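Here is a quick briefing to read alongside the picture. Keep the structure open and find each piece as it comes up.

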Protein chains: 2
Amino acid sequence: MYHAVILCGGAGTRLWPLTRQAMPKQFLPLTSDKPLLVETYERLRRSAPPDRIWLVGGRLHERSMRELLPQLPPGNVIVEPIARDSAGAVGLAMARLLRHDPDAVFTAFHSDHIIRNGQQFDAAVALASRIAADGPIVNVGAAPTYPETGYGYVERGRQVATGEGVVAFEVIKFHEKPDAELAAEYVRSGRFLWNVGMFTWRASVIRDLFRQHQPGSVERFETTERMLERDPDRALATFSELPRISIDYAILEKATNRVVIEADLGWLDVGDWSAMGAVRRGDSGPTVRVDAEGSYLWSSNPRKVLAAVGVGDLVVVDTDDALLVVPRSRAQDVKRVVDELKARGLDAVL
Amino acid sequence: MYHAVILCGGAGTRLWPLTRQAMPKQFLPLTSDKPLLVETYERLRRSAPPDRIWLVGGRLHERSMRELLPQLPPGNVIVEPIARDSAGAVGLAMARLLRHDPDAVFTAFHSDHIIRNGQQFDAAVALASRIAADGPIVNVGAAPTYPETGYGYVERGRQVATGEGVVAFEVIKFHEKPDAELAAEYVRSGRFLWNVGMFTWRASVIRDLFRQHQPGSVERFETTERMLERDPDRALATFSELPRISIDYAILEKATNRVVIEADLGWLDVGDWSAMGAVRRGDSGPTVRVDAEGSYLWSSNPRKVLAAVGVGDLVVVDTDDALLVVPRSRAQDVKRVVDELKARGLDAVL
């Protein structure tokens, strides 16, 4: 059976002060009046019933997960005892799914991505689950619309299958985030896709790959999964033994039988304030711009007047207890503000 | 007898959103825990008793004037029926003083200037009142410490008198705000002083000058002054007939018998956020600067965390209901924000 697993990790430090440790962006409404997690869930409901949709996230976020999606069976919310990166989250979900459904095929979705083309998304999910049932690991890639240097790329080879308006190719190679020149080359070639990090596989296949590439990990996933409610201390102790490692690095880069589906998802990963400024339409409230047309001004108080004079590409984010100013070009460095706040023990605003 | 008149007008639009129409900077503590008006009053108390210290200001500010200086006799707070620039304020004060003291000599002080050298200030006031008693109009000038283009300059001639550590010169000419090149030349010459706008004169002398250069004005000042409490409508109607004109333009530029006292006042006119950033020491609360050492960050909420990344000379001012970002170099243009707010009827934050 097909299952959808939504990964709810991710600290969202680069969108501080809007996002906080306990409230990363997946739990906030960004582009509509619904939190991104709810939008993700509603999108997946077209492909799977609630009892085959699963959430994986940390203790700090358990309450948000359950409150935002009360329609899920309680056991479908999997709370990691401690963060062990995406390999840990996928492995724990794999262990739970296999206990319920030894034939499970599942996709690991990010909870905080924006998908604007639902039809292509549904077609990609349907084709991915069909192909993955036969063994391959299936990624979905978005045709790049510009030479983005902040994403990884997938190099595609010959066509292997087609779905409703989407096409599957063999994977030649995964490529790290390129520099500007290389990104331009990728886009020109027409053979490179943005890696949107949306992988589909048989649970049993990923288990075999964990066995092969991360010896001892499968036993720990299974023990942790069984002990989560029964013996939380043992679950924590067991899960803690696992390395902090991404699923890409742990498994995907080492796998051989890989397929990528090209789909026009209208995909966006709003990873920092520069991207956010491009996604959000309209101001939070009254604004005055004097020679500051390109500035992004936002306050959590919709009655607050925001005024900018003579600033070209500035992002200004105002909340009750914190205020940030940063040029779009430096948006990635907001993480350094959060690091500094941590170092100074200013926990109230983290 | 010597009197001190404190001019409390001035909208302070260039320090928005800290200052508002009803709360310009003279009523706020800027560099200490005392409002500038109170600091000005306490400075003048060394030269005159409370019953010879007078305030002139608008209706919008009557309450602040009376509340901040309850020790003044009520009649010493002169409330203008409508704003008629500095000529109106000085003329009204002149009329009131002459009714009490036909031999009055008085200085018109700004309520919102910063004077850091009290000894030189006291000596300048003493010398100015002594000279003015004999007829001249006496200005005080500060030796420029750098080629400021935002101030007017006074060109001095030969020495005419000395006081305790201060020297009086004849005035050759008043000069408008210069460009950078001219300002540098002024400073190099050693013969130019900053015009700090602090004039001392006999009330009868200034009355004669009003008669000569602004025909009809003295009668209106006298009628308004008599009617202020007795017949406010008539006071308003009479005062409204006067032109909006500065005392510099109405009288001072046309007078001939003028003296300037050079004094090292430690004088500052904090006219915009660029100057404010230079005056204020310390942050309003917790701040984080990443490559933003030169930025000025201020919030009315001392617990709010203010963070700036990669902004060199930015001024950020945050209040409950309004937020401003502006580079120091554009500080003068904050006035345009206020104009825009007025035009859009956003009166709540004016």
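Predicted model: local features only at pLDDT ≥ 70, side-chain atom pairs only at ≥ 80, totals over all residues.

A quick term before we start: helices here are DSSP runs of H or I with at least four residues, numbered from the N terminus.

- In chain A, the peptide bond from Trp16(A) to Pro17(A) is cis, with omega near 5°.
- To find Pro17(A), look in the loop between strand S1 (2-7) and helix H1 (36-44) of chain A.
- Chain B has a cis peptide bond from Trp16(B) to Pro17(B), with omega near 5°.
- Pro17(B) sits in the loop between strand S1 (2-7) and helix H1 (36-44) of chain B.

**Helix H7 of chain B and its partner H3**

- A handy way in: two packed helices are described by the angle between their axes and the distance between the axes.
- Helix H3 (residues 85-100) and helix H7 (residues 217-230), both of chain B, have axes that come within 8 Å and cross at roughly 65°.
- Angles of 65 to 115 degrees count as roughly perpendicular, and H3(B) and H7(B) are therefore roughly perpendicular to each other.
- The crossing in which H3(B) passes H7(B) is right-handed.
- On the H3(B) side, the contact uses Gly91(B), Leu92(B), Met94(B), Ala95(B), Arg96(B) and Arg99(B).
- Facing them from H7(B) are Ser217(B), Phe221(B), Glu222(B), Thr224(B) and Glu225(B).
- Sorted by class, the contact of H3(B) with H7(B) has 4 nonpolar, 3 polar and 4 charged residues.

**Helix H7 of chain B and its partner H8**

- H7(B) also meets helix H8 (residues 232-240) of chain B: their axes come within 8 Å and cross at roughly 160°.
- Angles over 145 degrees count as roughly antiparallel, so H7(B) and H8(B) are roughly antiparallel to each other.
- H7(B) and H8(B) make a left-handed crossing.
- H7(B) brings Arg220(B), Thr223(B), Thr224(B), Met227(B) and Leu228(B) to this contact.
- H8(B) brings Pro232(B), Arg234(B), Ala235(B), Thr238(B) and Phe239(B).
- The residues of the contact of H7(B) with H8(B) split into 5 nonpolar, 3 polar and 2 charged.

**The two domains of chain A**

- Chain A is divided into domain 1 (2-268) and domain 2 (273-349).
- Taken over C-alpha atoms, the centres of these two domains of chain A are 30 Å apart.
- Where they touch, domain 1 of chain A gives 10 residues and domain 2 of chain A gives 16 residues.
- The domain 1 side of that contact holds 7 nonpolar, 2 polar and 1 charged residues.

**Where chain A meets chain B**

- How many residues of each chain are in contact? The count is 32 residues of chain A with 32 residues of chain B.
- On the chain A side, S12 (287-290), S14 (305-309), S15 (314-318), S16 and H11 each supply at least two residues.
- The largest share of that side, 6 residues, comes from S16(A).
- By class, the side of chain A that touches chain B has 22 nonpolar, 2 polar and 8 charged residues.

- The chains join where S16 (residues 322-327) of chain A and S14 (residues 305-309) of chain B pair in the parallel sense over 4 bridges.
- Within that pairing, Ala322(A) has Val305(B) as its bridge partner.
- Elsewhere, S14(A) and S16 (residues 322-327) of chain B run parallel, joined by 4 bridges.
- In S16(B), Leu323(B) stands opposite Leu306(A).

Technical notes:
Residues numbered from 1 in each chain as written. Chains lettered and ligands numbered in written order. Axes fitted to C-alpha atoms, helices over the stretch in contact; angles between N-to-C directions. Parallel < 35°, antiparallel > 145°, perpendicular 65-115°, else oblique. Left-handed = near helix turned anticlockwise from the far one by under 90°. Contact = placed C-beta atoms within 7 Å. Nonpolar A, V, L, I, M, F, W, Y, C, P; charged D, E, K, R; others polar. Pairing = 2+ DSSP bridges. Domains from an automatic or database assignment.
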